[in-house]
Amino acid sequence: MSVLKPQEAVERALELSRADDCVVIADESSTANLRWAGNTLTTNGVTRSNRLTVVALRRAGEGVAAGVVSRAAVDAADLEDLVRAAEADAAGNAAAEDAAPLIDRAPAGGDWDAAPAETGIGVFSAFAPALGEAFAAAEAGGRRLYGFANHMVTSTFLGTSAGLRLRHDQPTGLLELNAKGAGGSAWAGVGTRDFTDVDVPGLTGDLARRLGWGEHRIDLPAGRYETILPPSAVADLMIYLYWSAGARDAHDGRTVFSAPGGGTRVGEKLAALPVTLSSDPRAAGLECAPFVVAHASSRESSVFDNGLGLERTDWISEGTLAALTQTRHSAARTGLPLTPAIDNLTMTGSPAGGGASLEEMVARTERGLLLTCLWYIREVDPQRLLLTGLTRDGVYLVENGEVTGAVNNFRFNESPVDLLGRISEVGATGPTLPREWSDYFTRTAMPPVRVGDFNMSTVSQAS
């Protein structure tokens, strides 16, 4: 087996191509992980993988047809077969509705010739000793820790027949911690680029405190409650809103962002408070690819847009819907600015920043609920973006500024769009990890928020 460097694979695939135009994307990934259960490390390991995607473009009458084939572990002997398969796919397809000239100019995209970036067990060199100390403290306190740490680095090399050569190295780390004890179960999670910023004592100390709260149990009925949603729960709701903010679907009348009578709701006030929801490929700690990487075309992405430069975009600006995710094709259809999707998401409560901490918000609560996280989120009605899901790993009753005990779990029914109009307080924004969507979207910074009437529709027996 003759292994190719990813840059070589891109160049040779372009040389082999007989199509009118061609796009090649090489992804080289390495992953390191640790897992533990019952205060004991159980597994650790490192894996590596690679994938090559070839997009063949052929002129079809007045348009251009696209064929896309993606395969893992492609070596030199497999390369021509992959290129021909993409060309055969293009030959069998009609002209693509999203066809556009390939991008031939883009912002600087990293050192093309350097070796792919890698991770290894060494990324946990500072984290692992702190975790061992946490195991000992949990054992002494009658608690058990479960969870995992995962770190992936992917180097993406993008080349086109238009002469584009771009490269991006993406580190993605996450930690999930679950503590169990007499007070039930509690969860904490963080996203990180390199694990040097993970505060293990702070996280496990908060878990111990929550287990202490859980030793006093209170049963509450379903209903609408003043509720403080922590950043993780806010992230899960806002990510779903973001994923549903495709301009094409909104323009076609399919989503909550469709305007009655046609068009979109861009320009409409959604939130009473000056909430801003934005993405920025250069956001500190949340850095992501500064150009489009599209392995396939869909209603939200276009292979023709590969290499298109990305800049900060406000999706909601001070409470007003400002933009929807666009391809060049959908932007032409909708008449709105070109604003492609970006792989991070930040929510702030005011242009000046600031805001109360979660603890300060709890201290100002007369009576309400404090959540830990949400899970099993599913869409009920796309026209309203009504979601249902469950609370998990701790719902706490707050009375007169103090947590007085843990209550039962609930099923909730809420629309994140409708919720924006009912938020009464937005706290300080900080990095967080979505519990439900952490397999797909980790780069988020969110505030805790207060909602006066969060809809806990039924009591859940989930524990």
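The points below concern aromatic pairs, charged side chains over rings, and salt bridges in this structure.

1. This is a predicted model, in which local features need pLDDT of at least 70 and side-chain atom pairs count only at pLDDT 80 or more, while totals for chains, interfaces and linings use all residues. Residues are numbered from 1 along each chain as its sequence is written, and side-chain values use heavy atoms, with hydrogens and water left out.

2. A search of the whole structure finds 16 aromatic pairs (rings of Phe, Tyr and Trp, the last by its six-membered ring, with centres within 6.5 Å; planes under 30 degrees apart are stacked, over 60 edge-to-face, the rest tilted). Among them, Trp 112 and Phe 157 are edge-to-face, because their ring centres are 5.6 Å apart and their planes stand at 85 degrees. Trp 112 lies in the loop between α2 (76-91) and α3 (127-140) and Phe 157 in strand β4 (residues 144-160), so the pair ties together parts that are 45 residues apart in sequence (helices, H or I of at least four residues, and strands, E of at least two, are DSSP runs numbered from the N terminus). Trp 112 is buried at 13% relative accessibility, as is Phe 157 at 0% (buried is under 20% relative accessible area, exposed over 50%, partly exposed in between, with a 1.4 Å probe and protein chains only).

3. A further edge-to-face pair joins Tyr 242 and Phe 441, with 6.1 Å from centre to centre and 90 degrees between the planes. Tyr 242 belongs to helix α5 (residues 231-243) and Phe 441 to the loop between β18 (430-432) and β19 (444-446), 199 residues apart.

4. Arg 378 lies over the face of Tyr 376, at 4.1 Å from the ring centre, and Arg 392 over that of Trp 375, at 4.3 Å (CZ of Arg or NZ of Lys within 6 Å of the ring centre and within 35 degrees of the ring normal).

5. The structure holds 33 salt bridges (a side-chain nitrogen of Lys or Arg within 4 Å of a carboxyl oxygen of Asp or Glu). One of them joins Asp 252 and Arg 299 at 2.7 Å, N to O, linking parts of the chain 47 residues apart; Asp 252 is partly exposed at 31%, and Arg 299 is partly exposed at 24%.

6. Arg 328, in helix α7 (residues 328-334), forms a salt bridge with Asp 305, the closest N and O atoms being 2.6 Å apart. Asp 305 is buried, with a relative accessible area of 4%.
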